[in-house]
Amino acid sequence: WESVSMMLQLGGTVIGSARCQDFRTKEGRAKAACNLVKLGITNLCVIGGDGSLTGANEFRNEWSELLQILLKAGKITAEEAKRSSHLNIVGMVGSIDNDFCGTDMTIGTDSALHRIMEVVDAITTTAQS
């Protein structure tokens, strides 16, 4: 509880995550696939902007190929590959830009706009005094 209290009042990326450089390579994506298979994870929710969602789509497109690479390398068993044969990914646009076609408001926009309004209000009252 202590690690997440007051989180709603914070701006920016609270957890400090970003798509890692390793994930930009097939070897990095194979490592990520191996981790998911070993943990029995077949569903992901990716929240991010263009880079994160592009990476998630590439990962989804390569999933079967990545499983075959891991199987050939002996990193996963045939049973694990079968259990993880399908990867479900939900992509949610998380951007303060609010510039994604087909969405009314992206995750991050509302909090960014509220933060801007608070600062403008504070500047206005300071200027008035």
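Predicted model: local features only at pLDDT ≥ 70, side-chain atom pairs only at ≥ 80, totals over all residues.
Local features require pLDDT of at least 70 and side-chain atom pairs count only at pLDDT 80 or more, while totals for chains, interfaces and linings use all residues. Residues are numbered from 1 along each chain as its sequence is written, and side-chain values use heavy atoms, with hydrogens and water left out.

Helices (H or I, at least four residues) and strands (E, at least two) are DSSP runs, numbered from the N terminus. Helix α1 (residues 26–39) packs against helix α2 (residues 50–72) at an angle of about 80 degrees, and their axes are 9 Å apart. The two helices are therefore roughly perpendicular, a class that covers 65 to 115 degrees, where under 35 counts as roughly parallel, over 145 as roughly antiparallel and the rest as oblique. Axes are lines fitted to C-alpha atoms, for helices over the stretch in contact, and angles run from 0 to 180 degrees between N-to-C directions. Contact means heavy atoms within 4.5 Å. Among the residues that meet are Lys 26, Arg 29 and Leu 36 in α1, and Glu 58, Glu 62 and Trp 63 in α2.

Side chains of opposite charge can pair when their charged atoms come close. With a salt bridge defined as a side-chain nitrogen of Lys or Arg within 4 Å of a carboxyl oxygen of Asp or Glu, the count is six. One of them joins Glu 62 to Lys 26 (3.9 Å, N to O). This pair links helix α2 to helix α1 across 36 residues. Glu 62 is buried at 10% relative accessible area, and Lys 26 is partly exposed at 28%; buried means under 20%, exposed over 50%, and partly exposed in between (1.4 Å probe, protein chains only). Lys 26 and Glu 62 also belong to a salt-bridge network with Arg 29, Glu 58 and Glu 65.

Another salt bridge joins Glu 80 to Lys 38 (3.1 Å, N to O). Here Glu 80 lies in helix α3 (residues 78–83) and Lys 38 in helix α1, 42 residues apart. Glu 80 is buried at 12%, whereas Lys 38 is partly exposed at 46%. Within α3, Arg 83 and Glu 79 are four residues apart, about one turn of the helix, and form a salt bridge (3.9 Å, N to O).

On the surface, Ile 47, Val 90, Met 92 and Ile 107 form a nonpolar patch with about 340 Å² of accessible area together. Patches consist of residues with over 30% relative accessible area and no salt bridge, with like charges joined within 9 Å and nonpolar side chains (Val, Leu, Ile, Met, Phe, Trp, Tyr) within 5 Å. Accessible areas come from the Shrake-Rupley method with a 1.4 Å probe, and for residues only the protein chains shown count as cover. Met 92 lies in strand β2 (residues 88–93) and is partly exposed at 33% relative accessibility.
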